[in-house]
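These are my notebook entries on a single structure.

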Amino acid sequence: MVMRANEKVTPLIITPTNPAAPESRELMEELSVALAAITGDSGKASFDPDDVRGANARFVVARNDTDAAVGCGAFRPLQPGIAEIKRMYSRPNNPGTGSAILLYLEAEAAALGYHALWLETRLINTRAVQFYEARGYARIENFGKYLGNPLAVCFEKRLVNTA
């Protein structure tokens, strides 16, 4: 986890959750508003809640020590051995939440036998680009619907399977 010296990290509990639950929808709506402000696109068209349900997918919510929901994230099957990270979000002033969610998702994906995680973000979203690069994600050729999109950047992280 990358932290600044003056940041305090609150203990978190991260659990798989229904993406249709009220707190899940609230977190994702906050993410959509934030993305629209940064990129001009909410990202809603690139996410289907049904994609993150089921045995080979996860949608998680992070809660702090007061049981307040402070972040979310997900992955969905993309192709054999590869899952795609979706809807990563941490409410402001919750240092370490994004890192904790991502580590949880990586461990879950590895336990399910995935060997890599892929994701897309917008180049203009420099905070997200730096976040993923700092956590070992390497740029790859744009995939799927992002092929040929000069505004998008895609990443991959190879996983150590624990299955």
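Entry 1: I looked up C154 and found a relative accessibility of 0%, so C154 counts as buried; buried is under 20% relative accessible area, exposed over 50% and partly exposed in between, with a 1.4 Å probe and protein chains only. The model is a predicted one, in which local features need pLDDT of at least 70 and side-chain atom pairs count only at pLDDT 80 or more, while totals for chains, interfaces and linings use all residues. Residues are numbered from 1 along each chain as its sequence is written, and side-chain values use heavy atoms, with hydrogens and water left out.

I then asked which cysteine sulfur is closest to that of C154. It is the sulfur of C72, 20 Å away, which is too far for a bond. C72 is itself buried, with a relative accessible area of 0%. My search of the whole structure for disulfides (cysteine sulfur atoms within 2.5 Å) returned zero.

**Entry 2: strand 5 and its partners.** I took strands and helices as DSSP runs numbered from the N terminus (E, at least two residues, for strands; H or I, at least four, for helices). Strand 5 covers residues 116-122, and six of its seven residues are buried. With strand 7 (residues 152-158) strand 5 runs antiparallel, joined by seven bridges; pairing requires at least two DSSP bridges between two strands. In this pair, E120 stands opposite C154.

On strand 4 (residues 82-90), the pairing with strand 5 is parallel, over three bridges. Here I82 stands opposite A116.

T121 counts as buried because its relative accessibility is 8%. Its contacts (heavy atoms within 4.5 Å) include A128, V129, L151 and F155, not counting residues up to four places away in sequence.

**Entry 3: nonpolar cores.** I defined a core as buried Ala, Val, Leu, Ile, Met, Phe, Trp, Tyr and Cys residues joined through side-chain atoms within 4.5 Å. The largest has 25 residues, of which F75, I85, M88, L117 and Y132 touch the most other members. Helix 2 gives the most to this core, six residues. For M88 I noted contacts that include C72, I101, L105 and Y132, with residues up to four places away in sequence not counted. A second, separate core has 12 residues, among them L27, L31, L35 and V61.

**Entry 4: salt bridges.** The search of the whole structure gave 15 salt bridges, each a side-chain nitrogen of Lys or Arg within 4 Å of a carboxyl oxygen of Asp or Glu. R76 and D51 form one, at 3.9 Å from N to O. This pair links distant parts of the chain, 25 residues apart: R76 lies in strand 3, and D51 in the loop between helix 1 (22-39) and strand 2. Both are partly exposed, R76 at 21% and D51 at 31%.

E120 pairs with R122, the closest N and O atoms being 3.5 Å apart; at 19% relative accessibility, E120 counts as buried. R139 and E133 meet at 3.0 Å, N to O.
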